[in-house]
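Hi,

Here is the structure I said I would pass on.

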Amino acid sequence: MSETYATVPQARIGVAVNCMICGTPNGPDAPQCRQCLAPMALVHDAGAQEAPPALVSIIGESNVGKTVYLGFLLDMLSQRAGDFEAIPRGAYSIDLQQTVISHMAARAFPPKTPMEADRWLWAYYQVHQRSADRWVDLVMPDMAGESLAAEVASPRTFRVIRDLLTRSAGSLLLIDAALAANGSPQPDFFGMKMLSYIDSMRGARRDQRIDTPTAVVLCKADHCPEAFDDPRRFAEANLNRLWNLCLSRFSNVEFFAASVVGSLAYGTSARQEFVSLIPLHTALRGILEPFQWIIDQV
Ligand SMILES: Nc1nc2c(ncn2[C@@H]2O[C@H](COP(=O)(O)OP(=O)(O)OP(=O)(O)O)[C@@H](O)[C@H]2O)c(=O)[nH]1
Ligand SMILES: [Mg+2]
Ligand SMILES: [Zn+2]
């Protein structure tokens with residue numbers, strides 16, 4: 001017989017903790033939700049807060065630059081960039097930022113995010129917007145592009161992704177602008193798939209558009225500087241299918257361009273057959289703007 005709430009011994013009911021992402025009750029010492037694998041530390045850290053934190057999802061294909069973007073964003077926030085300062089809740093929140101910064105300091109990109117949800121890094125920050133003297137609590141997981149692709153291809157493969165995307169207060173959809181500028185239709189199609197997945201999961205009627213703030217971030221814009229000049233125009237020209245879907249189904253979309261590297265080198269070695277990219281120096285452009293736009297609306 002499956003274990004239902006009614007059959008759980010009394011002593012355990014008293015201390016069961018509901019997962020922040022999917023709501024499933026878990027034992028008090030569970031490190032991860034037994035249903036969706038989200039870290040239970042999120043709930044323990046939220047403890048005394050009046051309102052639950054807002055979820056912001058960073059989505060996009062594998063290799064688009066999600067981990068790099070999120071790592072630098074968190075690092076900028078904790079260094080009090082622009083209008084913001086950010087305080088991590090829980091030491092685990094620092095791991096992503098630390099991984100990205102230490103790799104980049106050693107002139108290497110961070111490794112690919114593993115597909116298994118229990119190995120993702122999650123960041124839980126209290127963000128202070130100084131001009132408005134406003135605090136926002138944010139939870140941002142670094143999901144793997146391949147897991148997102150698997151969930152989009154056959155919904156309900158990754159429960160955590162469905163729960164995250166349907167409950168997100170805002171999304172950043174990262175698109176490989178360098179590929180798109182080179183004429184590849186792949187970024188356009190993947191972006192469309194992601195948005196139509198969100199559209200169907202939210203279950204909005206055909207005459208209702210999705211109003212969740214969605215920032216489309218044109219990544220690797222160092223390869224195509226024209227994306228910085230006019231991101232909307234770039235998207236309309238190079239990602240026309242995605243652009244049209246945004247117009248017809250999403251009422252709150254904005255386009256941004258971003259890049260983290262100033263110059264790249266290409267290296268090979270006797271031990272490996274492929275060419276690896278070496279970031280020679282970091283030059284952050286457009287990292288904060290999409291985040292600021294999302295925060296202004298959550
Ligand atoms: N030129 C350029 N390349 C970038 C930039 N950001 C990331 N990259 C490249 O994109 C690769 C992938 O970046 P990640 O952040 O690991 O990509 P991801 O979206 O997290 O990929 P998954 O973990 O597989 O989902 C890096 O190894 C770099 O080669 C950028 O701003 N400019
Ligand atoms: Mg990654
Ligand atoms: Zn869960």
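Below is what I found, going from the whole chain down to single residues.

First, some housekeeping. This is a predicted model, where local features need pLDDT of at least 70 and side-chain atom pairs count only at pLDDT 80 or more, while totals for chains, interfaces and linings use all residues. Residues are numbered from 1 along each chain as its sequence is written, and chains are lettered from A and ligands numbered from 1 in the order in which they are written.

**The domains**

The protein chain splits into domain 1 (1–48) and domain 2 (54–295), with bounds that come from an automatic or database domain assignment. Their C-alpha centres are 29 Å apart. Eleven residues from domain 1 and twelve residues from domain 2 make up the contact (two residues are in contact if their C-beta atoms, placed from the backbone, lie within 7 Å). On the domain 1 side, that contact has eight nonpolar, two polar and one charged residues. For these classes, Ala, Val, Leu, Ile, Met, Phe, Trp, Tyr, Cys and Pro count as nonpolar, Asp, Glu, Lys and Arg as charged, and the others, Gly among them, as polar.

**Two helices that cross**

Helices (H or I, at least four residues) and strands (E, at least two) are DSSP runs, numbered from the N terminus. Take a look at helix α3 (residues 66–78) and helix α4 (residues 95–105): they pack at an angle of about 105 degrees, and their axes are 8 Å apart. The axes are lines fitted to C-alpha atoms, for helices over the stretch in contact, and angles run from 0 to 180 degrees between N-to-C directions. So α3 and α4 are roughly perpendicular to each other (angles of 65 to 115 degrees get that label, under 35 is roughly parallel, over 145 roughly antiparallel, and the rest oblique). Among the α3 residues that meet α4 are Val68, Phe72 and Leu74, and the α4 residues they face include Leu96, Val100 and Ile101. By class, this contact has seven nonpolar, five polar and one charged residues.

**Around the ligand**

Which residues come nearest to ligand 1? Of the 23 around it, they are Ser62, Gly65, Phe109, Thr113 and Gly145 (a residue is near a molecule or strand if its C-beta atom, placed from the backbone, lies within 6 Å of it). β10 gives the most, with four residues.

**Some single residues**

Is Met143 buried or exposed? Met143 is buried, because it has 27 C-beta neighbours inside 10 Å (buried means 20 or more other C-beta atoms within 10 Å of its own, exposed 12 or fewer, and partly exposed in between, with C-beta atoms placed from the backbone). Met143 sits in the loop between β6 (134–141) and α5 (145–153). Leaving aside neighbours within four places in sequence, Met143 is in contact with Ile59, Trp120, Leu148 and Ile161.

Pro225, in the loop between β8 (214–219) and α9 (226–229), is exposed, because 12 other C-beta atoms lie within 10 Å.

Now for backbone angles. Most residues other than glycine have a negative phi. Arg80, though not a glycine, has a positive phi of about 60 degrees. Arg80 is in the loop between α3 and β4 (84–88). Arg156 has a positive phi too, near 85 degrees, and lies in the loop between α5 and α6 (159–167). Arg156 counts as exposed, with 8 C-beta neighbours inside 10 Å.

Cheers
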